[in-house]
Amino acid sequence: MGHTLLCVLPLPFLSLLLCCGDIQAWLPLLTVSPSWLSPGASVNLSCRVKAPSPGWVFYWYEAVPDLLSKNYKYKLLPDSINGIVEDFYIIYGQRHTAGYACRAGRGNPEYLTDYSEPKFVWSADSHPEASLTVRPDREKLFTLDFVQMNCQGNLAGWRVRKFEITGYSTYLTDCSSWGTMTGSSCTVNRSWSSNAVYWCESGSGDFSNAVNVTLHKPESVLTVSPSWLSPGASVTLSCKVGPPSAEWRFYWFKAVPDPSHRKYKYEVLPDSISGTVQDAYIIHGQKHTAGYACRATRRNPEYSTDYSEPKFAWSRDSHPAASLSISPHKEKHFNIDNVNLNCQGNSVKWRVRFELPGNKTDLSYCSNWGTMTGSSCTIKSHRSHRAVYWCESETGQFSNAVNITIQTPQSVLAVSPSWLSPGASVTLSCEVKHPSAGWRFYWYKTVPDPSNSFYRYDLLPDSINVTVEDSYIIQGQRHTAAYSCRAGRGNPEYLTDYSEPKFVWSAESHPASSLTVSPDREQHFTSESVTLNCGVNSAEWRVRRFTDVWSDLSYCSDWGKMTASSCTINSDWYCKAVYWCESGSGEFSNAVNTTVHNGDLLLVSPIYPVTERASVSLSCRLRGQNTVSNVIFYHNDKMVQNDSRGELNISAVYQSDEGFYKCEHSGKVSPQSWMAVQAASRPGSSSLPLSLVFGPVSGVVLVILLLLLCRYKQSRDSASLRPSEDPGNGLHECQHVTYAHVDFKHFENKRRQDGPETVTIYSHVKTGAAGTVSSNIQCLP
């Protein structure tokens, strides 16, 4: 039968806490900022009760050294006698090392927590009454050095304290825990590495300056050059002990495999029995793979480092007694393949080793990452890596060494074209990095999924049963879209991850959304506000961008501010990117190219495609000014205008005008922008069009052409036309044209960027019966 503990005591709050609660939950935690002082700066104290609740008041204390109790006394700080409701306290003008604590209270009668652990703000400046010096006078010291810390000043009674962080734990200790205190000096006896802050505390409650000291064991570090041998070449060994000292003597060893202990034995190299004062050693005529190590010693005080980590000089040439072969015989393998390493030679027992080069080498055996069966090792590593492999025999020989790369198959998608001509075909190509036979390919449409800020993948038609071809064609694509692929092989089938999504962008708006940019131009200055609007009043739309320089695909929230379906860019750095909108139901808007420019000059050009035969005007803008004059304009890096005008006016745009434009003013050049030209929609009617385009013709030729048109009209419709009742009417066969009046307006010499100089005639042609409205006909080259 269970038992129930009921707590009913006169002091309800404290009794309930002690009897049924967790006393640790009510202990305060103090933080001090900064931890190292700039003399005279403010110090911020913050006190938090571990189980926060309302009603607490906070008391703030200075922690004063108490040498007799080997602890601290707590002295209330000004304005803290009655406690304060704020959980922070600021100390102004602090100059020297100091310790602080806090506690919290609440209720009536008041319950007070214990004092927090003392926390310190350290200063490198000495207190007038206390100063700490360290010998040797340097921050980094060996554990074998004779390290002394001396407390100086006109005070009696001292102790040296240390604060260090080890892992997730903090330790505050006296010299007696790790050294010997004699008078006002502490001699460090510790033989293991540490990084800590030290300071002195006096019997009268003062703190000295604080110092950072790093103690570490001397270690020998070997380097071998070259790491891959040309047979018979020299091998240079170099041994470093840090920090360096002139007192070291160096010993050089050959590392010999010792399979019984899964380690190496170390055999002293010739001429190294007594050590060398030089920290380098040369081995001549080395032909086969070999391992080496070094160590260093010194006499005062006498100390020897451990052996260095073994380092290797590898050779691709097989040893007569040992040879390593690999199957399949290639350097790069997928982690889904079986890779077999076979040791051959006149030894019964073998082990296969490998080393991962890098900041910290990983030297391990086949049994750690594969299966050793007899003299063969099968790699079963599922992580990608590049390593050197070799065999070692029980008699101490090394085989040849091989470089092997193990990698995870990755699918990489390419999309062509990246910008759509509406209705054109889109070709997807999927490649598995470092290709091999047997792959089958799956093709996906990448659909926005705002719920998790990623995409979902919908299989494309005809892709459910996969394709053996590594390409896929999508016919008649009109709008912006995203695609992905993945590859599979084997039975059971191994599937790669989805490829990074790739986009085909279209300037044509989707019926569901149209992206607009304000200001309505492609280039913008940094620090200017640019708004991208998805054209719908719904928060389910989000603006996304792709920057080709960094291959970065990100959302407005990463570089701007999204409000409903609008994104505002406030950029202080250069960025050229493609922007578009995505909806929660998986649609994409049109896409636009936009450049945020950190220079002083930009080109004002249309952000959307220009329709053929429409007029367009390009201009240049200086930062802080609207427009400038005396501008040079370039089309595809070819100068097209250089005069006092500040605009490049094209009265009628053609496909030949499409391309990159930029401007230059006073030696400054803008970024270039692409101006797209889209085909004009043409009427399907067979009647006389409103606009005719001719080459350079005379007025007479124009009249003749009009009369021929009339004849053509009459002959085509003769079956349905009634002859005129007036036989004297000479124009009875062309009743629809009453007259033709040609009014030559002016001639203009116009040089196009892609052709010779031509003469353009603009005329005003009136056709039709009396009272009909005139039509303008523009004749262009």
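## Ground rules

Strands here are DSSP runs of E with at least two residues, helices are runs of H or I with at least four, and both are numbered from the N terminus. Keep in mind that this is a predicted model: local features need pLDDT of at least 70, side-chain atom pairs count only at pLDDT 80 or more, and totals for chains, interfaces and linings use all residues. Residues are numbered from 1 along each chain as its sequence is written, and side-chain values use heavy atoms, with hydrogens and water left out.

## Ser 208

Ser 208 sits in strand 17, which covers residues 207–216. Its relative accessibility is 1%, so Ser 208 counts as buried (buried is under 20% relative accessible area, exposed is over 50%, and partly exposed is in between, with a 1.4 Å probe and protein chains only).

What does Ser 208 touch, once neighbours within four places in sequence are set aside? With contact taken as heavy atoms within 4.5 Å, the partners are Thr 97, Ala 130, Ser 131, Leu 132, Trp 199 and Cys 200.

## Strand 54 and its partners

Strand 54 spans residues 616–622, and six of its seven residues are buried, so the rest of the structure largely encloses this strand. Pairing here calls for at least two DSSP bridges between two strands. Strand 52 (residues 601–604) runs antiparallel to strand 54, with four bridges joining them. In that pairing, Leu 603 stands opposite Cys 620.

Strand 57 (residues 647–650) also pairs with strand 54, again antiparallel and over four bridges. Here Val 616 faces Ile 650 of strand 57.

## A nonpolar patch

Out on the surface, Phe 88, Ile 90 and Tyr 92 make up a nonpolar patch with about 340 Å² of accessible area together. Phe 88 belongs to strand 5, residues 88–91, and is partly exposed at 46% relative accessible area.

## The whole chain

The protein chain has four helices and 64 strands. Of its 781 residues, 44% are buried. Among contacts between residues at least 6 apart in sequence, 61% join residues at least 24 apart.

The accessible surface comes to about 41300 Å², with 52% of that belonging to carbon and sulfur atoms; areas come from the Shrake-Rupley method with a 1.4 Å probe.

Notes: Patches are made of residues with over 30% relative accessible area and no salt bridge: like charges are joined within 9 Å, nonpolar side chains (Val, Leu, Ile, Met, Phe, Trp, Tyr) within 5 Å. A salt bridge is a side-chain nitrogen of Lys or Arg within 4 Å of a carboxyl oxygen of Asp or Glu.
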